[in-house]
Amino acid sequence: MADRPPLTPLVYASSEQSSPSKIGSWISADPGKLGDPLKHNAPLDRKLAVWDDMNRSTLVDLDVFEDKILWPQHKGPFPAPTERAKRIATEAVQSLFYSDGSTTPAKNISEDAIAQMIVHKLINRVSLPYKHKAALSQFKSSTTDDSQLQVDAAIYPDDQLPVDERPNWTHMRFFIEFKKGGTCNDPFDDDAADGQAESWAESRQKIRGQLLDYMRNVFLYQHRTGLYSLLINGPEFRAMRWDRSGVLVTKATNYPQDPVSLLRILWAFAFLSLAEQGLDPTAILLSPDSAEYKRMDLWAKANKALDMPYMPGDDLSQFFPPSTAATGTCDTPQTRPAPTTRFKVNQPSTPVFDFVRKKFRESLVSNWPRYKLFVGPDGREFLVGKPDFDSKSMFGRGTRGYIALDLRTGELVWLKDSWRPFYVGVEPEGEYLRTMTADPENRLAVPTVIAHGDVGEQCTFASTFAAPKAVEDDVHEGTESADAPPTPAAADPPQAAGVKRRHEEDASLETAGATRGKPLTTKQGLRHLIHYRIAVEEVCLTLDQFTHGVQLLKLIEDCIITHRDAYERFGLLHRDISTGNILILPRIDEIEEKHTVAWHGLLTDWELAKYVPKDNALQRARQPERTGTWQFMSVAYVANPERPVIVADDLESFFHVVLYQAVRYLRHSWSKRVTDFITTYFNTFQQLSNGTQICSHYKDLLIRCGKLQHGGSALRFYHILSDKSKGLSPMNNFLDEWLSLFVERYAAIQGLEDIDDDDDDDDDDDEAPGGEDLLTGGIDDDGRIIPYDPSVASLEIWTSEGRDEESPPERLRNHATMLALFSKHRTMGAWPKQDKRGDQLSKDYDPRPHVIAARSRVESALIQASADRSGSSKKPRLDPEASIHYDTGSAGARPSSSAPSNRSASRGPRRGPSSSRGNANAHRTLSWS
């Protein structure tokens, strides 16, 4: 079996679609999820996308692709091209490859010559059915495309064919990429000994990165269930069908020898219906001349009579008529209509917070497509423009969030479109939200569902094709409440002889047999996904828009109360507490006829929630991968994802959220070290030589020791007094006391580790790959990583298999202690109102080059270690573009004064995952500035 790099974890902060969380995934580390979008950089983004999306391809024979994917047998006979079309295709190909009359095809034909022949002499001359035509666009990009992509060619409807040599991403039906030929330009490997469809070679990865970039852009502009494409590489072509679970790709076919083989793919595609071509029939593209398109423009216009300010304490009385109610709270602006005389007749007759209308206006980008989406079993209609948020990954949930116009009410709402993993017996997010808001007298502070539901019977076909029997069996396993996933359009299972399966590396993680609460995953690792939409009333602000420190605590406290009520009243555990899932909801408080704005914390994104028994001993992990946003996960859970998330884990995640926001935005003594701290604490990982990834040693050490130290100094928050001097903030005492709770918890966990110490005496003393122990002890005053000394600060993360960790002090097992802590500190001391400084993270911080460098370094070291063990003389190929900035140190280095003290240090070196004892538990720690 060929040596190849394992997937390696990445390390920058994330949102939203992160279960299961794979530290090795750039999408779970993309800062865009925290409202910090990075400008598109093709070389960097493509390299990261390729690494994230390996193991997503299924190789098939060409006849299988034709009969089982492109034109399934239930559709009837395959649509054969006309004799005229066959003749034109044959003449076009022969004119290029056999121009000199030779019986041997010409070599070294240029990419442009191939493109001109295929588009102008073949596709546009054969007259594809239903007026499909092709256009070249290899030298220009669309004026609406921020990423400036230049796809070589694409097929369009005749009436939408671009004439300016620029790609029309809105109307593209089928794209084509041309290469001049050779193995170096083919991203797939038909003959790999280990069954790996994708090649790890640098040049071949670049081509795959291009394809992924184009695919993602089509899915961004359009609403799709799938997409067909062609890669024409010199004298060979590959046909592909993509969806959110993976890609089905044919083995390379020599078309100069059989020009009709290429024509058959194009001809049959032209016969497909719009839905079969991959267009979503529940998303209607609006014409600029339509009434609904114009209505969106009208709704977006600023209106002083309706647009309300939204800052805390703003007086909104002018927007509301006198009310007979003495007191009360308006959950949304729409609950109290203003006098009709104030309104323009063509706009909705209810006030709206001006930031909501502004965000809707910003989504109506010139020449960006607008759609009408149908949501829920009743097909409720919503109008949307450019997404406010979109996932950067081609594969996976593909989440997009919109400010949407509800056509039924005329209100602006939030709409989320995603592909949810299918779990037997697990409900979609909307069901959880409706459960928690069913009682109007005791409803929880969570989003209010307007409409939700799976989108028709749309599910990922690639996962169904890869293991159709497993999908069918798993759908009917589990409880009676489990909904069967929809049947894909292409129904018949593939013939085993025609499908090339990938090597199954870990049967325990990628099994086709689903049990209750386990994700449905094919033997090839393709997750089965179902299209899902949900619309909710609340349009919120992101958490980073808080105005001062004590307000931040109040917002977090609101969400902890919601978390408590969901757990105690409904048995629901959120399991994905992160800074992206805690939002600010401006609401209208009414007291004695006066309406004012008040901000409240809203806990959102419950798609990963789970019903859990109150007895922790009865809990079992729902899936064999980390659930949540890993940078905010508890130290204990990151170390052992096999065990279920418990309340204590979610409560620790709230701490990480507060720390992240406070260090990034409040005034404190580390103002010049914010980027270093965020990198070291949140965005650094440790990788064991067995492939396991755990959180940074610095984060582990801080949580266990309870001391906020960095660069040799303690973190101290302050505010500016009237005489320009600095006054200490109550935030310091609050965080110190909060940290003490986690010290107790991990002391209890460490006590369990001590029991296992004597059992590890026989561990081997192998070194980490490359012979280096790269643990860190923090960051010094110059921003360099300090070598870690396990003999002084050896605090292991507990990872014993099958261990029940639930024996911390009772006060750590529920919400009461933490809520009492919040209440105590929020109401005592003089909290300043001017302690927010603004974003202190470096504005030019771009983690992508460092991510690439780190991954290349680790992967090369692991390949070399594998080669050394096998006695191979093959050397790893280092990425020539990769460079990494970190210091290394041996286990015997002197301890740093910046590392928090360790009350257990006198015990000497330990043999848990934080020690270099045992090859399986050796570490490599990565960080970048």
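**Aromatic contacts around Y660**

Y660 is buried in the predicted model, with a relative accessible area of 1% (buried, under 20% relative accessible area; exposed, over 50%; partly exposed in between; 1.4 Å probe, protein chains only). The ring of Y660 pairs with that of F682: the centres lie 5.2 Å apart and the planes stand at 85 degrees, so the pair is edge-to-face (Phe, Tyr and Trp rings, the last by its six-membered ring, pair if their centres lie within 6.5 Å; planes under 30 degrees apart are stacked, over 60 edge-to-face, the rest tilted). F682, like Y660, is buried.

The model is predicted, and local features require pLDDT of at least 70, side-chain atom pairs pLDDT 80 or more, whereas totals for chains, interfaces and linings use all residues. Numbering starts from 1 along each chain as its sequence is written, and side-chain values use heavy atoms, without hydrogens or water.

Under the ring-pair criterion, 32 aromatic pairs are counted. One of them, F632 with Y660, is edge-to-face, at 5.7 Å centre to centre and 75 degrees between the planes. Here F632, in the loop between strand 25 (610–611) and helix 13 (635–639), is linked to Y660 in helix 14 (residues 647–665), 28 residues apart. F632 is buried, with a relative accessible area of 0%. Ring pairs connect F632, Y660, W670, F677, Y681, F682 and Y698 into a cluster.

Terms used:
Helix = DSSP H or I, 4+ residues; strand = E, 2+ residues; numbered from the N terminus.
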